[in-house]
Amino acid sequence: MICNIKEYDCWFQRRASVPLARLLGSVGLLEQSLVLENAAGELSALLTKNFAVLSVVEGKDAGTLIGTIPGLNAQLGLKLPSTKPEGFVIKVSDTRVIIAGQDEIGALYGVYRFLALLALGKINVGTELIDAPATQFRSLTHWDNISGDVIRGYAGKSLFYNNGRVDYDEQRVIDYARLLASIGINRLAIGGTFGPGPGQLLITESMLPDVARLAALFRPFGVKLLLNVKFSAPYTLGKLPTADPLDADVVAWWKERADLIYRYVPDLAGFVVKADSEMEPGPFDYGRNHAEGANALAAALAPHGGELVWRCFVYNCAQDWRDQSIDRARAAYDVFKPLDGMFADNVLLQVKFGPYDFQVLEPVSPLFGALSKTRYTLEVQVTQEYTGQQIDLCYLPYKWERILDFDTRYGPRSTLRELLIDGKISGVGAIPNVGLDHNWTGHTLAQANLYGYGRLCWDPSLSAEQIAREWSALTFTDASVADTVSELLLRSYPAYEKYNAPFGVCFMVTPAGHYGPNIEGYEFSPWGTYHRADRFAIGIDRTGSGTGYVTQYAPENAALFGDPATCPEQLILFFHRLRYDYVMKNGQTLLQNIYNTHFEGYDEVKHMLELWKGLKDWLDEHTYSSVLTRFERQLANAREWRDQINTYFWRKTGITDAHVRKIYE
Ligand code: GCW
């Protein structure tokens with residue numbers, strides 16, 4: 001059987017007809033609201049489109065009822081149990097299907113979950129399900145520029161801008177809103193981050209009507225907009241002489257500006273700010289700290305119920321590589337930990353998962369768990385900046401699962417997963433991987449990363465494997481194709497780790513684009529990410545006797561990472577400077593392990609390519625060949641990594657590979 005997928009439709013593919021057609025033929029809605037009406041409309045439209053059920057929206061005698069739990073209980077005398085905000089109940093009997101939300105958004109989420117379960121063959125008479133998101137803040141932040149280019153975007157041009165204007169295909173934006181809502185995303189930041197881009201312009205009166213129009217497209221899907229704004233706006237837009245957050249005129253300017261913005265978008269979720277980060281303006285310009293900076297903007301949002309997302313990506317990016325006293329990895333903790341408890345209630349600090357920058361192999365940031373009096377979120381990248389740029393297959397939920405597993409050792413229930421579930425981490429943010437490419441994500445299989453991100457925000461206890469299987473089965477309607485695709489996904493991250501920078505040294509990428517190897521590309525640069533390889537050793541000593549970074553962790557973790565004998569070996573060069581003849585747990589030297597992993601990484605990609613080729617007769621030609629081309633490019637990339645890394649270390653050390661494989665002189 002040929003598995004003919006419509007890449008544009010992502011995880012909403014056409015299916016054979018379904019058993020409960022009789023009940024699904026009519027959808028009843030008894031309460032009126034924008035989101036509920038959309039939920040009912042989505043259900044009937046998608047049933048008709050994908051399940052061959054001609055479904056219409058009707059009154060209370062319909063076979064399928066949609067509503068809120070309190071609404072349905074009151075109107076029909078039901079006894080549906082209540083759940084958490086944005087949660088839902090699904091109940092299927094032989095006379096009725098009920099999809100009820102704790103609130104209107106919950107009902108919409110219930111509809112999408114129902115459709116997914118229907119596609120997976122998991123809806124039957126007797127199905128009862130109650131579910132709710134673990135965290136209320138589930139966001140994506142677009143880095144799109146007003147020019148239409150997407151910073152670190154690998155899937156075509158921006159969905160929102162073109163040539164200096166807000167300019168979009170309305171249907172495409174609605175389809176995007178559907179994708180987001182179907183995986184539970186409820187916040188979307190637009191407006192770029194750098195330079196005089198949209199972050200500046202969107203908050204002017206000439207563009208606020210555009211923002212209002214976009215907000216209206218996302219609203220029925222329960223997605224609220226956030227705006228990326230610039231800290232310097234009071235003087236760049238407002239013509240004030242300063243942006244000093246303690247200056248009364250600046251405070252008043254932000255207040256007025258927020259009031260104006262909220263007239264256009266009354267339910268705006270708030271602002272996102274990248275301050276004192278990579279040359280962006282910030283409170284340091286005025287000798288103020290980040291709590292003073294953030295609180296000034298937060299105060300302007302507070303009367304409107306808005307939140308301020310304040311990014312913690314603050315470090316010195318003009319470092320002298322000769323100066324070994326500065327360690328970039330320390331920066332976020334050094335800046336923000338002393339301010340714990342000083343941020344306004346509506347500030348959310350957004351902390352990158354690692355101390356560096358979305359690296360393939362880097363530890364979890366010591367800020368997690370260490371902040372105890374401040375609301376903060378976890379930030380990851382769905383866009384594959386350092387993870388193969390949607391040319392290489394790299395299934396990110398594999399990595400995210402491990403991040404969530406990390407035990408901060410601050411008190412009981414101290415893994416990131418538990419902190420998130422218990423509300424000690426207040427949400428999740430990420431940069432999406434989408435653009436105007438027909439399949440949204442460049443690499444069709446990279447849709448799994450977007451899907452997985454939303455699913456993990458909703459339920460951090462899902463495993464990467466569960467998500468891979470779910471996504472594959474939703475996208476590839478043939479079971480054996482779906483099996484192979486999940487296998488590919490699950491193999492991909494470990495393979496990528498193997499051919500990338502070894503054992504946590506990070507940043508061996510080409511400085512310009514971050515795709516492909518350049519072993520010393522960052523070695524003499526101002527960015528603060530050095531490996532300092534010489535003839536004998538490599539890595540940075542971040543122990544107490546080194547840069548002290550390790551002491552930023554809770555004592556048990558400081559001890560664990562601080563000793564090479566207990567440090568997880570995958571990260572060993574992040575924490576330690578080791579000689580190439582250091583013997584690792586498998587009895588082989590560090591150098592031999594570097595050689596081995598790089599040969600293996602390449603071989604893994606070769607194997608993945610073969611697995612994909614095995615699907616040729618099972619897939620439609622377009623999907624097959626577009627992914628095939630990417631696997632071929634990935635193989636070339638893996639080869640480049642393998643040979644450059646191995647040759648580099650061979651030339652440094654003069655020590656040959658124990659298995660005498662080909663290393664270039
Ligand atoms: O990973 C880095 C990117 C920058 C980006 C920055 C950030 C938008 O290389 O391009 O800036 O992260 O997180 O702000």
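I count a polar contact as a pair of N or O atoms within 3.5 Å; within protein, one must be able to donate a hydrogen and the other to accept it, and residues adjacent in sequence count only if both atoms are side-chain atoms.

The model is predicted, so I took local features only at pLDDT of at least 70 and side-chain atom pairs only at pLDDT 80 or more, while totals for chains, interfaces and linings use all residues. Residues are numbered from 1 along each chain as its sequence is written, and side-chain values use heavy atoms, with hydrogens and water left out.

**Ligand**

I started with Arg-152: an N or O atom of its side chain is 3.0 Å from an oxygen atom of the ligand. For Lys-274 I found a polar side-chain atom 2.5 Å from a ligand oxygen. For Glu-385 the corresponding distance to an oxygen atom of the ligand is 2.6 Å. The ligand alone exposes 340 Å², and the protein buries 97% of that (Shrake-Rupley method, 1.4 Å probe).

Ala, Val, Leu, Ile, Met, Phe, Trp, Tyr, Cys and Pro count as nonpolar, Asp, Glu, Lys and Arg as charged, and the others, Gly among them, as polar.

**Domains**

I looked up the domain assignment (automatic or from a database): domain 1 is 7-131, domain 2 is 137-462, and domain 3 is 477-540 + 577-665. The centres of domain 1 and domain 3, over C-alpha atoms, are 45 Å apart. Four residues of domain 1 still contact four of domain 3, with heavy atoms within 4.5 Å as the cut-off.

I noted about 250 Å² buried between domain 1 and domain 3, 48% of it from carbon and sulfur atoms; this is the accessible area (1.4 Å probe) that two parts lose on being put together, summed over both. The domain 1 side has no nonpolar, one polar and three charged residues.
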